[in-house]
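Thanks for making time this morning.

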Amino acid sequence: MSDPLRRIDALVEEDTLPTPRVRQQLRLAAGLTQTEVAEAIGVKRLAIARWEAGLTQPHRGNRLKYAHLLRKLAAKHPDAAIEGAPNEG
C-alpha cells in the first residue's frame, strides 16, 4: 500500500490519529484555536497543545472524540491532511 493510502486509512480508523503535524494543520485549516478544539472535546487547551506537539497522546475516550473531529476536518480540508502541507492562517 502506498504511503498516501496508508495515511488516509489511518484517518478513517475509529481511534487512529494522524501525525501531530497533521493534527495541527487540520485545526489551522478549519480556522480553529486550540481552545475551541479543547472545549469541543472537553479537555484543557494545554492537552491539545501537547497532542499537536506529539508530547502526549489522548486517553481512549478523548482519543475517540479527537479522532472523530480530525476525520471531519480532513473531509472538509483534504489538503491539510497531507504531512508537510503548508499551514494556513
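Helix α3, residues 34-41, packs against α4 at an angle of about 110°, with the two axes 8 Å apart. This is a predicted model, in which local features need pLDDT of at least 70 and side-chain atom pairs count only at pLDDT 80 or more, while totals for chains, interfaces and linings use all residues. Residues are numbered from 1 along each chain as its sequence is written, and side-chain values use heavy atoms, with hydrogens and water left out.

The axes are lines fitted to C-alpha atoms, for helices over the stretch in contact, and the angles run from 0 to 180 degrees between N-to-C directions. On that basis α3 and α4 are roughly perpendicular to each other, where the classes are roughly parallel under 35 degrees, roughly antiparallel over 145, roughly perpendicular from 65 to 115, and oblique for the rest. The helices themselves are DSSP runs of H or I with at least four residues, strands being E runs of at least two, and both are numbered from the N terminus.

Which residues meet across α3 and α4? From α3 they are Gln 34, Thr 35, Val 37, Ala 38 and Ile 41, and from α4 they are Arg 45, Ile 48, Ala 49, Trp 51 and Glu 52, with contact meaning heavy atoms within 4.5 Å. By class, this contact has six nonpolar, two polar and two charged residues, where Ala, Val, Leu, Ile, Met, Phe, Trp, Tyr, Cys and Pro count as nonpolar, Asp, Glu, Lys and Arg as charged, and the others, Gly among them, as polar.

Staying with α3, its buried residues are Gln 34, Val 37, Ala 38 and Ile 41; buried means under 20% relative accessible area, exposed over 50%, and partly exposed in between, with a 1.4 Å probe and protein chains only. The face turned away from the buried side of α3 carries the exposed residues Glu 39 and Ala 40. What covers the buried residues of α3 includes α2, α4 and α5, and just after α3, Gly 42 takes a positive phi of about 95°.

Now to α2, which packs against α4 at an angle of about 125°, with the axes 6 Å apart, and that makes α2 oblique to α4. Here Pro 20, Arg 21, Arg 23, Gln 24 and Arg 27 in α2 meet Trp 51, Glu 52 and Ala 53 in α4, a contact with three nonpolar, one polar and four charged residues. The buried residues of α2 are Val 22, Arg 23, Gln 25, Leu 26, Arg 27 and Ala 29, and they pack against α3, α4 and α5.

Is Arg 27 buried or exposed? Arg 27, found in helix α2, residues 20-29, has a relative accessible area of 8% and is therefore buried. Not counting residues up to four places away in sequence, Arg 27 touches Leu 32, Thr 33, Gln 34, Val 37, Glu 52 and Leu 73.

Following α2, Gly 31 takes a positive phi of about 75° just after the helix, and Ala 30 sits in the loop between α2 and α3. With a relative accessible area of 28%, Ala 30 is partly exposed, and its C-alpha atom is separated by 6.8 Å from that of Leu 73, 43 residues apart along the chain.

Next, the rings: a search of the whole structure finds one aromatic pair. Its members, Trp 51 and Tyr 66, have ring centres 4.8 Å apart and planes at 45°, so the pair is tilted; rings of Phe, Tyr and Trp (its six-membered ring) pair if their centres lie within 6.5 Å, and planes under 30 degrees apart count as stacked, over 60 as edge-to-face and the rest as tilted. Trp 51 lies in α4, residues 45-53, and Tyr 66 in α5, residues 60-76, so the pair ties together parts that are 15 residues apart in sequence. Both Trp 51 and Tyr 66 are buried.

Finally, the chain overall: there are five helices and zero strands, and buried residues make up 33% of its 89 residues. Among contacts between residues at least 6 apart in sequence, 70% join residues at least 24 apart.
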